[in-house]
Amino acid sequence: MRFTIGLSKKVLIANSLGSLCEIFRAEGDKTTLFFWMNAVAFALQIYYDFSGYSDMAIGLGRMLGFGFPENFRYPYISKSVTEFWRRWHISLGSWFRDYVYIPMGGNRVSKPRFFLNILTVWFLTGFWHGADWNFIIWGLYFAALLLLEKSIPQRIKDKTPSFISHIYLIFAVIIGFVIFNGNGISGAIADLRGMFLPVGSFSSVQTAYYLRSYSVLFAVGIFGSTPALRIAAERLSRSKKGAIFADIAKPILILLLLTVCAAYLVDSSYNPFLYFRF
């Protein structure tokens, strides 16, 4: 079941969002709305791509008798960058924490040394993804946000409405992934300029067509990145009738998803692996 859920994330959602990103790159006349659609699509694509592969690894591990730890815990419901990186790519974050951050002293050092520790860890995190400036800047960008959050007094954080914190986090992460996904630093700057310093029209007939075509996929992707479905399933299983229904529906749904994924893989040649180079 876990393997099939991961396969569905990858094949049905990540690949479909990736096709929109490919269309964006091939498009000559890009509008402001299209730049933002691409940014959101890639943020969802990379989540479903990598969390899908992680789910498949966890499922395969269980088949063979191994228990692998969770690698993603609904990162897009976070309310700070600090919380986001506790939920996103947990295995990588744990490795840098145990083998770089803590040996350097962690947070039990002077403030200048603490700042240096954070900058070093995130410089190396960016460099781990690739020897290109956009990865280095991506890492230092998140280091700056983490240091900024550490500098804000806790009483101010407690008074900030949760929806404001959540909007800030989503905005910060989307910008970070635009930098990450740029075709070098010049490509990242061009994408950010298209989002914030538009020179053309806000939208067009073609952009509206793509928005309508992918609106359902965007809705499914956003909804699926939250624990809403899991919470609903848990509530359903609390009653006797609900538990019986869940026991019957789960294998049917999993078999249906596996069949659809197999059909999709046979029919489609578009199957990118974003983390292959990492």
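Predicted model: local features only at pLDDT ≥ 70, side-chain atom pairs only at ≥ 80, totals over all residues.
Visitor: Why is the sulfur of Cys-261 too far from the closest cysteine sulfur for a bond?

Guide: The closest cysteine sulfur, in Cys-21, is 19 Å away. Residues are numbered from 1 along each chain as its sequence is written, and side-chain values use heavy atoms, with hydrogens and water left out.

Visitor: What makes Cys-21 and Cys-261 buried?

Guide: Buried means under 20% relative accessible area, exposed over 50%, partly exposed in between (1.4 Å probe, protein chains only). Cys-21 has 7%. Cys-261 has 0%. Therefore both count as buried.

Visitor: Why is the pair of Phe-24 and Phe-34 called edge-to-face?

Guide: Rings of Phe, Tyr and Trp (its six-membered ring) pair if their centres lie within 6.5 Å; planes under 30 degrees apart are stacked, over 60 edge-to-face, the rest tilted. These centres are 5.3 Å apart and the planes stand at 80°, so the pair is edge-to-face.

Visitor: What makes the pair of Phe-66 and Phe-68 stacked?

Guide: The rings are 6.3 Å centre to centre, with 5° between the planes.

Visitor: Why does Phe-66 count as exposed?

Guide: Its relative accessibility is 51%, so Phe-66 passes the exposed cut-off. Phe-68, at 44%, counts as partly exposed.

Key
Disulfide = S-S within 2.5 Å.
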